[in-house]
Amino acid sequence: MPAGDGPNPRSAEGTWRGPAKFQFTAGGARAADANAIGRMVIELQADGRVRSFIDEAGCKLSCLHTQFVSSAGASLDLTASASRDGRFTARYSGHLLGSAAAKESELQLHAVAMPLFAGRVSQASIEAVLRR
């Protein structure tokens with residue numbers, strides 16, 4: 001590959017790695033047994049597809065991204081399936097907000113479920129600070 005053809009450091013596209021934190025709340029109360037950390041790798045491709053995995057969570061992730069405000073950020077639409085903890089099997093939306101100078105990005109994904117009949121609102125979240 002010729003010099004200069006690699007990922008643009010000012011773009012969210014490329015591969016990011018780091019620890020991801022999982023949290024779950026139901027009815028406004030955080031579930032202590034659903035607080036976990038796992039290693040995450042997420043690769044934003046130029047065509048809008050995303051390849052990602054989180055080892056310890058056992059989640060299968062499928063995702064799409066679009067540019068968010070500037071090229072250093074991305075909006076994400078992610079579906080996690082087959083998670084070891086079924087509470088994290090959900091559809092998430094959120095952002096990867098990058099800092100070109102620091103070569104890091106903050107990932108924030110949230111899934112909210114509102115039961116139809118007198119159930120408790122629940123929220124699953126995945127948050128991370130990722131580096132190139």
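How many salt bridges does the count come to? By the rule I used, a side-chain nitrogen of Lys or Arg within 4 Å of a carboxyl oxygen of Asp or Glu, the count comes to six.

Some housekeeping, everyone. This is a predicted model, so local features need pLDDT of at least 70 and side-chain atom pairs count only at pLDDT 80 or more, while totals for chains, interfaces and linings use all residues. Residues are numbered from 1 along each chain as its sequence is written, and side-chain values use heavy atoms, with hydrogens and water left out.

Let's start with Arg 87. Its side chain meets that of Asp 33 in a salt bridge, 3.1 Å from N to O. Arg 87 sits in the loop between E6 and E7, and Asp 33 in the loop between strand E2 (29-30) and strand E3 (36-44), so this pair links distant parts of the chain, 54 residues apart. Strands here are DSSP runs of at least two residues, numbered from the N terminus. Arg 87 counts as partly exposed at 28% relative accessibility, whereas Asp 33, at 61%, counts as exposed. The cut-offs are under 20% relative accessible area for buried, over 50% for exposed, and partly exposed in between, with a 1.4 Å probe and protein chains only.

Arg 87 also lies over the face of Phe 24, 5.5 Å from the ring centre; the rule asks for NZ of Lys or CZ of Arg within 6 Å of the ring centre and within 35 degrees of the ring normal.

That brings us to the rings. A search of the whole structure finds two aromatic pairs, meaning rings of Phe, Tyr and Trp (its six-membered ring) with centres within 6.5 Å; planes under 30 degrees apart are stacked, over 60 edge-to-face, and the rest tilted. Phe 22 and Phe 88 pair edge-to-face, at 5.1 Å centre to centre and 75 degrees between the planes. Phe 22 lies in strand E1 (residues 14-26) and Phe 88 in the loop between strand E6 (70-81) and strand E7 (90-99), so the pair ties together parts 66 residues apart in sequence. Both Phe 22 and Phe 88 are buried. Phe 24 and Phe 88 are edge-to-face too, because their centres are 6.3 Å apart and their planes at 80 degrees. Ring pairs link Phe 22, Phe 24 and Phe 88 into a cluster.

How values were computed. Helices (H or I, at least four residues) and strands (E, at least two) are DSSP runs, numbered from the N terminus.
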